[in-house]
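Please view the sequence and the structure before reading on.

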Amino acid sequence: MGFSERETLVVDANAPGAIVSALNRAGFEVIGPTVESGSVVYGPISTGENLPRGFTDTQEPGHYRLNPHADGSYFGYVVGPHSWKRYLHPPAVRLFAARREGKGFALEAQPQEAPPRAFFGVRPCELAAIARQDRIFLGGAQPDPTYRTNREGAFLVAVQCGRAGGTCFCASMGTGPRAAAGFDLALTELSDGGRHEFVVEIGSPRGRDILAKVPHRLATEDDLNAAAAVTARAQAGMGRSLEAEGLPKALLAGLESPRWETTAARCLSCANCTMVCPTCFCTTVEDTTDLTGDHAERWRRWDSCFTLDFSYIHGGAVRRTTASRYRQWLTHKFATWFEQFGESGCVGCGRCITWCPAGIDVTEEARAFRTGSAPKERT
Amino acid sequence: MTSLDPMAPVPFRVLRTDRETADTFTLELAPDEGGPPFGFRPGQFNMLYVFGKGEAPISISGDPGRRDRLVHTTRVVGAVTAGMGALKKGDVLGVRGPFGTAWPVDETAGSDVIFIAGGIGLAPLRPAILHVLANRRRYGRVVLLYGARTPEDVLYRRDLRRWRAELDMDVYVTVDRASRDWHGDVGVVTALVPRIPFDRDNCVAMLCGPEVMMRFAVLELLKRGIPASMVHLSMERNMKCAVGFCGHCQVGPHFVCKDGPVFRYDELARLLKIREV
Ligand SMILES: Cc1cc2nc3c(=O)[nH]c(=O)nc-3n(C[C@H](O)[C@H](O)[C@H](O)COP(=O)(O)OP(=O)(O)OC[C@H]3O[C@@H](n4cnc5c(N)ncnc54)[C@H](O)[C@@H]3O)c2cc1C
Ligand code: SF4
Ligand code: SF4
Ligand code: FES
């Protein structure tokens with residue numbers, strides 16, 4: 001799919017490190033996969049040595065495990081608990097600091113911006129998730145300044161997936177396992193039959209500039225076929241799917257279905273799903289002062305529709321029960337997001353399934369509404 | 001930090017404070033250091049910031065024809081509103097806004113106008129009432145139904161007396177619980193709906209108050225033949241940003257901060273019937 005129209009090159013097994021170095025030299029802070037407490041997370045990396053080689057993961061509802069993998073591949077695992085929203089829409093942001101002046105106050109200048117960042121190892125579903133958040137934070141009349149600053153210069157090195165994780169369902173969401181656009185560079189790892197190379201798709205002029213600094217050759221027809229086979233394999237091996245067609249209607253018709261209670265009986269309202277979801281964007285605001293009371297700050301922090309305070313108004317929380325909060329999350333992702341932003345709020349990354357301590361599986365929940373195994377509205 | 005940051009409040013100075021009731025007060029504000037005049041449409045709200053304490057969405061309750069004064073009426077229910085209530089003349093408050101949709105006062109010229117308010121809900125309706133009265137010739141009948149908990153909770157007494165004295169405006173005030181010196185109506189505001197005069201084929205209703213009150217008032221209006229599309233109501237939800245980013249204010253597909261707070265009833269009809277949406 002689509003290879004021939006784009007400039008494609010082939011680089012050797014040392015290329016990931018060489019690309020990281022080239023990005024560093026070009027002034028980017030590189031953020032990429034590293035291993036921490038037994039899972040793949042995203043953090044600063046300075047050399048190819050930091051990349052977790054030779055790992056694969058087992059993911060099931062409520063279960064994640066990172067295992068060593070003999071083939072020495074760089075990208076044998078799929079997405080972990082982190083997503084790039086940590087860097088684009090960070091968990092905690094100081095929105096302003098203010099100082100009392102007489103009876104009034106004045107806002108203080110914000111500190112310098114961070115250097116431009118390169119995200120190394122962005123999966124196709126994650127590119128889709130970034131595009132979802134672009135629409136939220138940049139698509140309206142007034143962009144979010146924090147998101148815009150973090151997003152504007154970001155250099156994206158994508159990795160096309162060669163293996164579906166145990167909870168992935170990107171193929172049915174139309175977001176993977178191969179990304180057609182939205183990256184500066186995209187790597188497909190070829191590590192079959194003793195071969196270890198990468199096919200690199202060039203997605204932008206600056207992507208070309210970076211790759212010019214890495215030893216490469218032009219891709220042949222065979223290379224392209226091999227790369228296509230890699231993602232075809234991931235697609236064929238994807239165990240989960242979600243049929244999005246007609247789902248918004250089915251969910252909204254079932255707002256009063258007893259199914260919500262059934263799921264709520266398992267849900268701990270722990271908010272894990274919203275924290276790991278790469279598209280979830282809700283935040284709260286905290287205003288504080290120091291002990292003198294003369295310096296105030298406003299912080300924005302990730303928040304979750306699973307908390308009780310989320311919906312407090314005078315007279316009590318609007319969503320008091322877990323059932324109503326689970327309903328808010330599922331219907332927002334799969335139904336009302338379409339009305340708000342013209343697309344699904346889910347990209348099929350599977351994180352909410354893996355990291356749910358109760359093992360609640362959104363594909364199963366959605367199916368219950370689609371197939372009508374969830375009884376329709378009570379009257 | 002640029003002044004374009006949608007989360008950065010602008011300092012306004014308190015020119016005047018008025019106690020309306022035991023728990024409700026009105027602040028009159030103007031931009032600190034003589035900033036530009038503040039334009040808004042009736043029904044819109046601001047985020048008001050008490051230094052270091054926090055922010056709350058509060059409707060603008062002043063006269064939309066007076067851009068030199070920003071007026072807010074607030075009921076103390078928690079930390080931020082209490083902080084606001086402690087402000088004195090000369091103190092400074094942060095303001096972000098105006099935000100949200102407006103009452104359809106211009107679109108409905110020529111028709112009868114029914115205002116239904118419960119409690120603090122009179123504050124967000126006040127600019128619309130003032131606008132309609134300032135352009136009285138453009139409208140048909142004008143009716144205000146207002147319900148408060150007790151006579152002591154009645155807001156804007158001066159306005160109400162003045163409005164009642166208008167020969168071409170009907171004002172009904174009712175209280176849930178009367179004291180001995182109250183000789184007006186007693187009971188819920190929705191009970192007044194069957195009594196009021198209006199042309200059901202050419203009228204608009206604007207409602208603000210507790211959600212249950214609005215639900216019942218709408219039912220009464222619909223019973224009298226008003227089309228659902230001519231009923232408008234202002235919704236309250238938790239708000240942390242007012243610019244569509246924090247997600248707190250959602251009701252179904254709607255962000256109350258930008259798609260509301262004023263909605264046409266038919267946009268919300270189904271959601272209002274479902275608990276805990
Ligand atoms: C568009 C809009 C317009 C509004 N206009 C006006 C107006 O014109 N005038 C006006 O007075 N109000 C108005 N409000 C309501 C006003 O915004 C709230 O009353 C205000 O935000 C309360 O802030 P607070 O910090 O003082 O109270 P908070 O401390 O936030 O408390 C608010 C309420 O939430 C409940 N609550 C909060 N936290 C908890 C908890 N942990 N446990 C249990 N209960 C809790 C409390 O019962 C309390 O009554 C408007 C709201 C909206 C959305
Ligand atoms: S809802 Fe679940 S599967 Fe969908 S994008 Fe969010 S975390 Fe991934
Ligand atoms: S669905 Fe799972 S992860 Fe989400 S709040 Fe409920 S228990 Fe936590
Ligand atoms: S108040 Fe933040 S999205 Fe509406």
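How many bridges join strand E9 of chain A to strand E10 of chain A, and do these strands run parallel or antiparallel? In this predicted model, three bridges join E9 (residues 155-159) to E10 (residues 185-190), and the two strands run parallel. Within this pair, A:Ala158 stands opposite A:Ala186 of E10(A).

**The sheet of chain A**

- Strands of a sheet pair through backbone hydrogen bonds, in either a parallel or an antiparallel manner.
- In chain A, eight strands form an open sheet with mixed pairing, in the order E3-E2-E8-E9-E10-E11-E1-E12.
- Strand E3 (39-44) and strand E12 (217-218) of chain A each have a single partner strand, so one side of each is left without a neighbour in the sheet.

**Helices packed on the sheet**

- Helix H1 (residues 15-25) of chain A packs on the sheet and touches E1, E2, E8, E9, E10 and E11 of chain A.
- The direction of H1 makes about 165° with that of E8(A).
- Helix H3(A) also packs on the sheet, touching E3, E8 and E9 of chain A, and its direction makes about 135° with that of E8(A).

**The interface of chain A and chain B**

- Contact involves 54 residues of chain A and 45 residues of chain B.
- The area buried between the two chains is about 4000 Å², and carbon and sulfur atoms give 57% of this area.
- There are two salt bridges between chain A and chain B; A:Arg298 and B:Glu55 meet through their side chains in a salt bridge (3.2 Å, N to O).
- Across the interface, 18 residue pairs are in polar contact.
- H11(A) supplies eight residues, the largest share of the side of chain A that touches chain B.
- The residues of that side of chain A comprise 21 nonpolar, 17 polar and 16 charged.

Key:
Residues numbered from 1 in each chain as written. Chains lettered and ligands numbered in written order. Predicted model: local features only at pLDDT ≥ 70, side-chain atom pairs only at ≥ 80, totals over all residues. Heavy atoms only, no water. Contact = heavy atoms within 4.5 Å. Buried area = accessible area lost by both parts, 1.4 Å probe. Salt bridge = Lys/Arg side-chain N within 4 Å of Asp/Glu carboxyl O. Polar contact = N/O pair within 3.5 Å; in protein donor to acceptor, adjacent residues only side chain to side chain. Helix = DSSP H or I, 4+ residues; strand = E, 2+ residues; numbered from the N terminus. Nonpolar A, V, L, I, M, F, W, Y, C, P; charged D, E, K, R; others polar. Pairing = 2+ DSSP bridges. Axes fitted to C-alpha atoms, helices over the stretch in contact; angles between N-to-C directions.
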